[in-house]
Amino acid sequence: MKRVAIFASGAGSNALKFLEYFDTIDEVEITLVVSNNPKAGVLHYAEVHGVSTLVMDRDYFCDTTSILEVLKSEQVDLIVLAGFLWLIPAYLIQAYPAAIVNIHPALLPSYGGKGMYGMNVHKAVKRAQETVSGITIHYVNEKYDEGKHIFQAKCIIDISDTPEMIASKVLQLEHEHYSQVVHRILT
Ligand code: GRF
């Protein structure tokens with residue numbers, strides 16, 4: 001049995017896909033959902049699926065033992081970031097080498113780095129008149145969006161697409177692929 005913790009800050013639609021997908025898979029369990037945002041939609045989804053939740057503030061996250069103790073006691077094998085906005089501290093990356101995965105809503109290495117999240121990404125893609133965007137699933141290292149790539153998928157952007165339309169195409173790709181790619185990593 002492989003055990004996964006999901007970290008999320010926002011709406012939690014990717015986290016919901018994970019909870020639904022792994023509900024039917026015996027060899028993987030979502031064991032914990034962690035958020036820095038007490039209002040994050042993901043906390044509600046976790047409760048509905050009977051998964052433990054943890055809401056933390058920055059001091060808790062930056063303290064080098066608190067969250068590690070929880071992750072160790074839950075025997076977490078893999079941490080999945082699903083719209084988690086804080087930089088992962090070095091101590092956590094060292095404790096989980098090649099075991100923290102993120103999804104970025106663009107084709108890295110383009111449109112990544114600090115400040116490149118959510119609609120900022122899609123507005124930048126639109127401004128540059130790109131004809132293709134997509135998703136990048138990658139391991140997490142100490143710099144935003146610079147870890148080793150695991151998987152990319154692309155979508156076509158029409159000239160008339162607004163940033164919101166690009167966001168919706170990209171989110172659809174995320175929902176289609178993220179759980180399956182994580183499943184492959186784990187098994
Ligand atoms: C997604 O676009 C993801 O790529 C990015 O944050 C967004 C999260 O959406 N990292 P949701 O909270 O899963 O709905």
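His122 counts as buried, at 4% relative accessibility (buried means under 20% relative accessible area, exposed over 50% and partly exposed in between, with a 1.4 Å probe and protein chains only). The model is predicted: local features need pLDDT of at least 70, side-chain atom pairs count only at pLDDT 80 or more, and totals for chains, interfaces and linings use all residues. Residues are numbered from 1 along each chain as its sequence is written, and side-chain values use heavy atoms, with hydrogens and water left out.

**Surroundings of His122**

- His122 is placed in helix 6 (residues 119-127); helices (H or I, at least four residues) and strands (E, at least two) are DSSP runs, numbered from the N terminus.
- Apart from neighbours within four places in sequence, His122 is in contact with Pro105, Pro163, Ile166, Ala167 and Val170, where contact means heavy atoms within 4.5 Å.

**Packing of helix 1 and helix 7**

- Helix 1 (residues 13-23) packs with helix 7 (residues 163-186) at an angle of about 45°, and their axes are 9 Å apart; axes are lines fitted to C-alpha atoms, for helices over the stretch in contact, and angles run from 0 to 180 degrees between N-to-C directions.
- That angle makes helix 1 oblique to helix 7 (under 35 degrees counts as roughly parallel, over 145 as roughly antiparallel, 65 to 115 as roughly perpendicular and the rest as oblique).
- Helix 1 contributes Ser13, Asn14, Lys17, Phe18, Tyr21 and Phe22 to the contact, and helix 7 contributes Leu171, Glu174, His175, Tyr178, Ser179, Gln180, Val182 and His183.
- The residues of this contact between helix 1 and helix 7 comprise six nonpolar, six polar and two charged; Ala, Val, Leu, Ile, Met, Phe, Trp, Tyr, Cys and Pro count as nonpolar, Asp, Glu, Lys and Arg as charged, and the others, Gly among them, as polar.

**Aromatic pairs**

- Rings of Phe, Tyr and Trp (its six-membered ring) pair if their centres lie within 6.5 Å, with planes under 30 degrees apart counted as stacked, over 60 as edge-to-face and the rest as tilted; by this rule there are eight aromatic pairs.
- The Phe18 and Phe22 rings have centres 6.0 Å apart and planes at 20°, so this pair is stacked.
- Phe18 and Phe22 are four residues apart in helix 1, and therefore separated by about one helical turn; both are buried.
- The rings of Phe61 and Trp86 are tilted, because their centres lie 5.9 Å apart and their planes are at 35°.
- Phe61 lies in helix 3 (residues 58-62) and Trp86 in the loop between strand 4 (78-81) and helix 5 (90-95), so the pair ties together parts 25 residues apart in sequence.
- Phe61 and Trp86 are both buried, and ring pairs link Phe7, Phe61, Phe84 and Trp86 into a cluster.
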